[in-house]
Number of protein chains: 2
Amino acid sequence: MDIGAINCLSYEDFVRILGNVVERCPVVAAAVWSSRPFPSVAALEAAIDDFIEALPESGKEGILRCHPDLAGRELQSGTLTPESREEQGHAGLDRMDASEVARMARLNAEYKERFGFPFVICARTSDKATIAEQLRVRLRNTHAQERARAVEEVKKICRLRLRGLVLADQNNKL
Amino acid sequence: MDIGAINCLSYEDFVRILGNVVERCPVVAAAVWSSRPFPSVAALEAAIDDFIEALPESGKEGILRCHPDLAGRELQSGTLTPESREEQGHAGLDRMDASEVARMARLNAEYKERFGFPFVICARTSDKATIAEQLRVRLRNTHAQERARAVEEVKKICRLRLRGLVLADQNNKL
């Protein structure tokens, strides 16, 4: 599906197809539908980024809180969204031994206790060792630094999900 | 569950329990968790209302677009959220004859074509005759009038859903 076809979608089809480009936040796709037509995929990405950036800090944290833990209960119980399932699998988070799972659970708990939202990272471009290391490193950030950093990861995840759905165009840079 | 218990919830339990007070927009509950503790249910309602009002107009339309049609395909196919199912049933929308269903589908289509979002009304305090009548009346509104009106209905629906989940307190007025 190219950007021309995307621009022709009803809001219902647009939300059905693009509703999870930001994890469990279909309202984001539903909102940017107002800005169509998009001259390029890059313009659609920019509209999503702008919508997220315009949210109050609580709204940005709200988006983060709609994300599942990495290697958490939802991975074990099979209740992740298909997109998260694929991404966590890509990073090898579904093939960890008991001690790795326990270590990740401990770090996730520490992170959530400190920041009040889950650790979000673009798993599609990472692996389990890097994720555990980044968790440790980012735990040292201030609350504001880390919120901003996590939102950048949301945008990266969004761009990769979009590219799985919409054909790239010339203006389409990561 | 009273407001004291609500204030003690982790963001994960808060979103699990209150995530659908605004239809298919768990990000709203996830965002207002940042503002806890809430002195009363009314304060929680006000935090949600304030969050919605602070959204850009596209964001408000995004919230509307996360709502299902009334008496639409999702009611027929059983894919509504439990809350919507109950509310549409309460208004008698699950007990319409073929001509009533066809009339509602025609009005819904006309409304969506005109406004770019679905007709939203607090079905819990309405019935199928009033809903069809309101659809016809509100079709005459301007886009800005109707968006504001529909957002007020979202807030009404939210208040009633909250009251089904959180025990009322003295400050709790509809």
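How many salt bridges are counted between chain A and chain B? In this predicted model, the count between the two chains is two. In one salt bridge, the side chain of A:Lys112 meets that of B:Glu12, with a distance of 2.9 Å from N to O. Polar contacts were also examined, and eight residue pairs were found across the interface of chain A and chain B, both residues of each pair being at pLDDT 80 or more.

On the side of chain A that touches chain B, two or more residues each come from helix 2 (11–18), helix 3 (26–32) and helix 5 (57–65) of chain A. Helix 5 of chain A gives the most to this side, namely six residues. Sorted by class, the side of chain A that touches chain B comprises 14 nonpolar, five polar and six charged residues.

The extent of the interface was considered next. The size of an interface is often given as the accessible area lost when the parts come together. Chain A and chain B bury about 1,900 Å² between them, and 67% of this area lies on carbon and sulfur atoms. Within chain A, the residues that lose the most area to chain B are A:Tyr11, A:Val27 and A:Arg65, which together account for 31% of what that side buries. In terms of contacts, 25 residues of chain A meet 25 residues of chain B.

Within chain B, helix 7 (residues 82–90) contains the buried residues B:Ser84, B:Glu87, B:Gln88 and B:Gly89. The elements covering these buried residues include helix 6 (73–77) and helix 10 (143–165) of chain B. Helix 7 of chain B is followed by B:Gly92, which has a positive phi, near 85°.

Technical notes. Residues numbered from 1 in each chain as written. Chains lettered and ligands numbered in written order. Predicted model: local features only at pLDDT ≥ 70, side-chain atom pairs only at ≥ 80, totals over all residues. Heavy atoms only, no water. Contact = heavy atoms within 4.5 Å. Buried area = accessible area lost by both parts, 1.4 Å probe. Salt bridge = Lys/Arg side-chain N within 4 Å of Asp/Glu carboxyl O. Polar contact = N/O pair within 3.5 Å; in protein donor to acceptor, adjacent residues only side chain to side chain. Helix = DSSP H or I, 4+ residues; strand = E, 2+ residues; numbered from the N terminus. Nonpolar A, V, L, I, M, F, W, Y, C, P; charged D, E, K, R; others polar. Buried < 20%, exposed > 50% of the residue type's maximum accessible area, 1.4 Å probe, protein only.
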